[in-house]
Amino acid sequence: MPKTIRELADELKVSKQTIQYHYQRLPTKNRQKDSQGTNMISLTAERIIRDKVAKPLVANTQQTGNKKVTKTSKENNELIATLRREIEDLKSQRDKQLATKDRQIDHLTKLVDQQQQLQLATVADNRRLKDHVQKLSGQLTQKTNDNLSTGNDLFNIQDKESKIAKQKIVKSGSNKDGIHTNRAIKRWWKFW
């Protein structure tokens, strides 16, 4: 039958604060409240609290030389069984938490792997684009050089034509009357 904190404190001859202290440190599954909201201590919780409160009492009684508190083997077995159940509960909680963490780590590892693959693809695209730009730049430079050389050839052709024209002027420089006329042959493309 569940007891209140006051009833257990009176029974163990300790203060209500001591029982409340130990009650608050119990696992939540061992804490109960009645319909009025009063904290009720179950049999399992009572055993745990008794064991915790009894240890200081045993130490006090041994110091003062008063009665020695001894437990029966049945109480010890119950306590051992309770502790084993608590240990199993804690282990199962730990295993669940570890499984959750493992899933999170796997997910994050996949995300990091995807990020690295994306980064490698981006770097490869950047290299291809850079090579393509250099190739286009090389073609543009080659075309410019070709145009310059073509322009030089045109300039050389025009130079030759102008020399020929000067020679014709010199040849036609004197006519029958001894009057020098400087006529150049005018071609339409030289006006540009």
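Visitor: What share of the contacts in the protein chain, with a separation of 6 or more, joins residues 24 or more positions apart?
Guide: In this predicted model, such pairs account for 46% of those contacts. A contact here means heavy atoms within 4.5 Å.

Visitor: How many helices and strands does the protein chain have?
Guide: There are four helices and three strands. Along the sequence they follow the pattern β-α-α-β-β-α-α.

Visitor: How much of the protein chain counts as buried?
Guide: The figure is 14% of the 192 residues. Buried means under 20% relative accessible area.

Visitor: What describes the way α1 and α2 cross?
Guide: For helix α1 (residues 5-12) and helix α2 (residues 16-24), the axes come within 8 Å. They cross at roughly 115°. The crossing is right-handed.

Visitor: Which residues meet there?
Guide: From α1 come I5, R6, L8, A9 and L12. From α2 come K16, I19, Q20 and Y23. By class, that contact has six nonpolar, one polar and two charged residues.

Visitor: What does I5 touch beyond its neighbours within four places in sequence?
Guide: I5 is in contact with K16, I19, Q20, Y23, N39 and I41.

Visitor: What makes the group with I5, L8 and A9 a nonpolar core?
Guide: Its members must be buried residues of listed nonpolar types, joined through side-chain atoms within 4.5 Å. Twelve residues form the largest such core: I5, L8, A9, L12, I19, Y23, L26, I41, A45, I48, I49 and V53. In soluble globular proteins, nonpolar side chains tend to be buried together.

Visitor: Why is the pair E11 and R50 called a salt bridge?
Guide: The cut-off is 4 Å between a side-chain nitrogen of Lys or Arg and a carboxyl oxygen of Asp or Glu. The N to O distance for E11 and R50 is 1.8 Å, so the pair qualifies. The pair links distant parts of the chain. E11 sits in helix α1 and R50 in helix α3, 39 residues apart.

Visitor: What is the distance between E46 and R50?
Guide: Their side chains meet in a salt bridge at 2.8 Å, N to O. E46 and R50 are four residues apart in helix α3, so about one helical turn separates them. E46 has a relative accessible area of 7%, so E46 is buried.

Visitor: Which residue forms a salt bridge with D125?
Guide: R128 does, with the closest N and O atoms 2.0 Å apart. Both lie in helix α4 (residues 73-171), three residues apart, so about one helical turn separates them. D125 counts as partly exposed, at 36% relative accessibility. R128 counts as exposed, because 54% is over 50%.

Visitor: Which residues do salt bridges that share partners join into one network?
Guide: K3, E11, E46 and R50. A search of the whole structure finds eight salt bridges.

Note on methods:
Residues are numbered from 1 along each chain as its sequence is written. This is a predicted model: local features need pLDDT of at least 70, side-chain atom pairs count only at pLDDT 80 or more; totals for chains, interfaces and linings use all residues. Side-chain values use heavy atoms; hydrogens and water are left out. Axes are lines fitted to C-alpha atoms, for helices over the stretch in contact, and angles run from 0 to 180 degrees between N-to-C directions. Helices (H or I, at least four residues) and strands (E, at least two) are DSSP runs, numbered from the N terminus. A crossing is left-handed if the near helix is turned anticlockwise from the far one by less than a right angle, and right-handed if clockwise. Ala, Val, Leu, Ile, Met, Phe, Trp, Tyr, Cys and Pro count as nonpolar, Asp, Glu, Lys and Arg as charged, and the others, Gly among them, as polar. Buried means under 20% relative accessible area, exposed over 50%, partly exposed in between (1.4 Å probe, protein chains only).
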